Amino acid sequence: MSEVIRENETVTIRPQSDVVASMASEFKGELKGLLDEGIRDLTIDLQGVEMVDSVGLGVLIATHNSLSKTGGQLAVCNVSNDIFSLFKTMRLDKHFSVTAIEEEACHGTS
Amino acid sequence: MEHLDDEILESFIEESREHLADIENDLLTIEEGGADIDEDLVNKVFRAAHSIKGGAGFMGLETIKNLAHKIENVLGMIRSQEIVPSSEVVNILLLAFDTLRDMVNNANESNGVDITEHTVALAGITSAYLPPEEKAEVNEQVEISLPDGPPLFTVAKFDLHQAEKEKHNVYVVAFDLIHDIHRRGLTPLSFLHELQDKVNVIDCTVEIGDVGTLDEEVIINCLPLYVLLSSDVTPENAAELWGVSQESVHQLTGDLTLKTVDMAGYEIVQPPADFPEPVAEPVAPMEIPIETPTVCPEVQTPTPEPEVSAEPEIPKRKAPPKMTSSSAETSLRVNVKLLDNLMNLAGELVLSRNELMQAEAQNELNLIGAATQRINLVTSELQEAIMLTRMQPIGNVFNKFPRVVRDLASALDKKIELSVSGNDVDMDKTIIEGLADPLTHLVRNSADHGIEDPAVRRKSGKSETGQIWLKAYHEAGQVNIEISDDGKGINPDKLSQSAINKGLVTEKQVEAMSDKEKIAMIFLPGFSMADKVTDVSGRGVGMDVVKTNLDKLGGQIDIDSKIGYGTTIRIKLPLTLAIIPSLMISTNEQRYALPMVNVVELLRIPAKQIKERIEQVADAEVVRLRQELLPILSLRKLLAENLDLEPDTETERETALATGRAMNIVVVSAGSFKYGLVVDQLHDSEEIVVKPLDQYLKKCRGYAGATIMGNGQVALILDVASLARMAELNLEEIAKSSLDHEDQVAIDEMKTESLLLFGCSESEKFGVPVDLVGRIERIASSDIEYSGGKKTIKYRGGILPLYGIDEVANVEPLAQRDDLLVIVFRINGHEFGLLAIPPVDTVDVAVKLDRETLRQLGIKGSAIIDDQTTLIVDIYEFIQTLNPDWVDSMPVDDQGCITTDSGGTKILYAEDSGFFRNTVRKFLEEEGYGVIDAEDGQEAWQLLQEHADEISMVLTDIEMPNLDGLGLSKKIRSDERFQHIPIIALTTLASDKDVAKGKEIGVTDYQVKLDKEKLISSIQTMLSH
């Protein structure tokens, strides 16, 4: 089960494991549930997620596609460095907002 | 970037370093060659940039990748003879490589580095040299699309052009991440890395529309990833090689030299089929590769090397080592032959052991003897072989000097030629690393101060081009390094005049000096050779630092100079630091080891000659040795001082005369000066294995380490330089200035301290280090309240206990006056006031503390300040006597007073970068401090409150998330409890303005990150009072 945090208009969902094929079905169901509620702006918090496999990636993109249909937006945050570079390489950041985990965000500033 | 696999990052850094190692010289050679390029050499440099680019891309080090890519572009054009490697071009490349190297060394920080300067310069070259019609290509974007499809990629035309020049084919390959990747057990990340290793990935994109929405029934049907790549793979093999179906591979053709901007010239052709609609045919793309799995095993099976398969099963974050220490090399490449040899020797050792055990079981003495001999032999060989693994050619350091000299020559408008020899002399890795800075300094000095301007050289009949020679060679088990120039030489008189002007020596002392001794003054701290400060050198820090660094490596430095003909600097270094030949001596029936490199000669003075040969000059003893007076030190006395034993006042001469024994003197040299060390007995020389001293022994001066002798006993290794310092023997004294003791005081190494001077009665003066004082409050005697037999006052809403010095020490009682002062101290979280009478004064003085005459409880000793005897209060002892439990936790040092600078001291360290946190923490811990670290200011603030009583100092980074260093300092200062805690701000770069701002807030000191020595010394000064 993923943790769902509702704050005003935005809803954040935080998967409790790596986003991989084995959990994709359940995760997809949860996301679908949220979308069926009519949520438009959804944030997927990948804090602690080390691994996103192809299927997991597919779920994220599918979520984006579903949200775009209703005019909503997907944001993925707290993305670990490896996964961040994957998103970048695949140019997924052109489609939805991807932010690296916080301690990464401040790298090199000191 | 702590999550990167440490091992992979490390190997990337290592590999990149190797690639970068010879780049400078290669580039310089390329520059020399001009238009006539050496293709192999250019290729080599090109490959270096290319591999770094690949590796960096893999590691997600975008900035490194980008810079390497730009460099690669320029090199590619040099290779194809489009650009002539003029010195201008090479300059830009050199600078770019410098930054690249810095970034590689600091890979974790590299993404934040600003490389615009380089990219602009590099792009400038590319566009300047491009044929006009291609110039625009660098910035010109072209769109690439599948037939009838929307544009997939927008890329710089230049990139496509480059690929074509490299005779690469450009493909658009459609991978289905679900079918082609996931079902082969790969993760997208590992797949991309693998791909980037094999081909040049220009761009990628995901056709997200094909993925479908959450409403589809199947979890995820397909995930098409289009990759634009260039590779030398032929179209026939492409599909098989990448494990996709023929239909998924599209080759890009088109006349790239056409001026057409859009895709008109491009067409996706051959194989002609359209990209299959993935939704319609989800299974099709994977069939081909599965059927022919053996065609290309390197792609189809996940490679076993950890470098390319970021295995999903490994939960990386759980790995505890958060960082690699990226700037220091932690691994080393070793010749396989050497390893084989080691393995052999290890095998032999095992055999010999078996032999020995058997012999021992049979109790056969002659067999045991034979076995022992074998073990002896094998061990020596093993030792040698292991030493060899640490050996590196000195060329690793020398290699950078052609560049240094080239840059300097052009900066200084001089003509200089550098000749290097002995590149292949091998030395221990540690020494090689430590040599880089001192050598650079010396070479720069030679170029800056040694070599004259061309005009001056012409006038004096020399060739316009100055020469600098850098030589390394073996001699007598040591390595000698010589840096010589044919410049103007060092004028000893000018130098000594300058030393006098700077107040480093007196004229009297100079008179007695030989030219060589005068030149040796260059090593005095605070001395700079240059008439004026130049950009290159002459900032007054230098030669003394060079010397200290070399001392640390066990090296010795010597200068020979002839006015008008040049200067030669000779450095002698041991081959290794781990095993050193030493002379064993004993004193007080303890054995000590003296490193052979320091031993000049042994001197035995028979009892009957002592009278004539040992003389007393002032309070120093000297020995007459071949017309020279050599100061002598008694090891016995020095060590007694260390142990705080009752020093015996008898001189060595008296002792020797009294006992009628001969005197054994070891003449030792500590760099530029010599002295005699009087020991009880001389033994033979031994090769000893150096073991570092444990940190609780670090405070004992005079020792360089310890070793275990053949009989299992421990012997301490003496450090001759530090022994000389203990005896306050220094260069000036050797210059026979001991005759003139008065003048010497000025240059004696004495610590300047800030003291608060105060009195309790009219007749006695007291002093206490200012740093310990919290505040001084003026009160009236009527303010004092007496409760429970104790004096207190109301102070900032609390009650402050008051004490008089006379409560502990036997001094005059407090004068009866109306106006009084309370000096507020804060010790271990407890505040108390010391009663005094006005006036108070603060002075900065060099204190010569007399620990004998007036020493008593609460009084550390006495000193003469402004012609008045001043008692220095030991505030720790004072308060401990009154309130033992306040200071119980503090350790007591050998002087009997409480110290704060030993193991118990805790430093709070706030730093967001894991790299710095670990590195700085490590060297703080090495120095024996306890470290509590925090990842940002907020956390630090919390920790400080939790550990308020333990933390004696705060170290903080400036730039941090949540709460930055300045904010933290502000918070600390605004809390009464922490008003006096020292705060050191650590920065990478601090402008004067920043420093001023910090000081205003209450930052005690600024230090540069990773400048270990300065930082430690700053910490010590702040804590040592």
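1. Of the 110 residues that make up chain A, 58% count as buried, and it should be kept in mind from the outset that this is a predicted model. The secondary structure of chain A comes to four helices and five strands, and, read from the N terminus on, these elements follow the order β-β-α-β-α-β-α-β-α. Among the contacts in chain A between residues at least 6 apart in sequence, 60% join residues at least 24 apart.

2. The largest nonpolar core has 63 residues, and those with the most contacts inside it are A:Leu42 and B:Trp242. Helix α2 of chain A, which covers residues 54–69, supplies the largest share of this core, namely seven residues. There is also a second, separate core of 50 residues, and B:Ile431, B:Ala436, B:Leu550 and B:Ile557 are included in it.

3. B:Trp242 also belongs to helix α11 of chain B (residues 235–242), where it is buried together with B:Pro235, B:Ala238 and B:Ala239. Where do the buried residues of α11(B) lie when seen down the axis of the helix? They fall within an arc of 95°, so they line one face of α11(B). Just after α11(B), B:Gly243 takes a positive phi of about 70°.

4. Two packed helices are described by the angle between their axes and the distance between the axes. Helix α2 of chain B (residues 23–33) and helix α5 of chain B (residues 87–105) pack at an angle of about 170°, with their axes 10 Å apart. Because angles over 145 degrees count as roughly antiparallel, α2(B) is roughly antiparallel to α5(B). On the side of α2(B), the contact is made by B:Ile23, B:Glu24, B:Leu27, B:Leu28 and B:Glu31, while the residues of α5(B) that take part include B:Val90, B:Leu94, B:Phe97 and B:Arg101. The residues of this contact of α2(B) with α5(B) divide into seven nonpolar, one polar and four charged.

5. A further pair is formed by helix α34 (residues 965–974) and helix α35 (residues 992–1001) of chain B, which pack at an angle of about 20°, with their axes 9 Å apart. Angles under 35 degrees count as roughly parallel, and α34(B) and α35(B) are therefore roughly parallel to each other. Here B:Leu966, B:Ser969, B:Lys970 and B:Arg973 of α34(B) meet B:Lys997, B:Gly998 and B:Ile1001 of α35(B). The residues of the contact of α34(B) with α35(B) divide into two nonpolar, two polar and three charged.

Terms used
Residues numbered from 1 in each chain as written. Chains lettered and ligands numbered in written order. Predicted model: local features only at pLDDT ≥ 70, side-chain atom pairs only at ≥ 80, totals over all residues. Heavy atoms only, no water. Buried < 20%, exposed > 50% of the residue type's maximum accessible area, 1.4 Å probe, protein only. Helix = DSSP H or I, 4+ residues; strand = E, 2+ residues; numbered from the N terminus. Arc of directions from axis to C-beta. Core = buried A, V, L, I, M, F, W, Y, C linked by side-chain atoms within 4.5 Å. Axes fitted to C-alpha atoms, helices over the stretch in contact; angles between N-to-C directions. Parallel < 35°, antiparallel > 145°, perpendicular 65-115°, else oblique. Contact = heavy atoms within 4.5 Å. Nonpolar A, V, L, I, M, F, W, Y, C, P; charged D, E, K, R; others polar.
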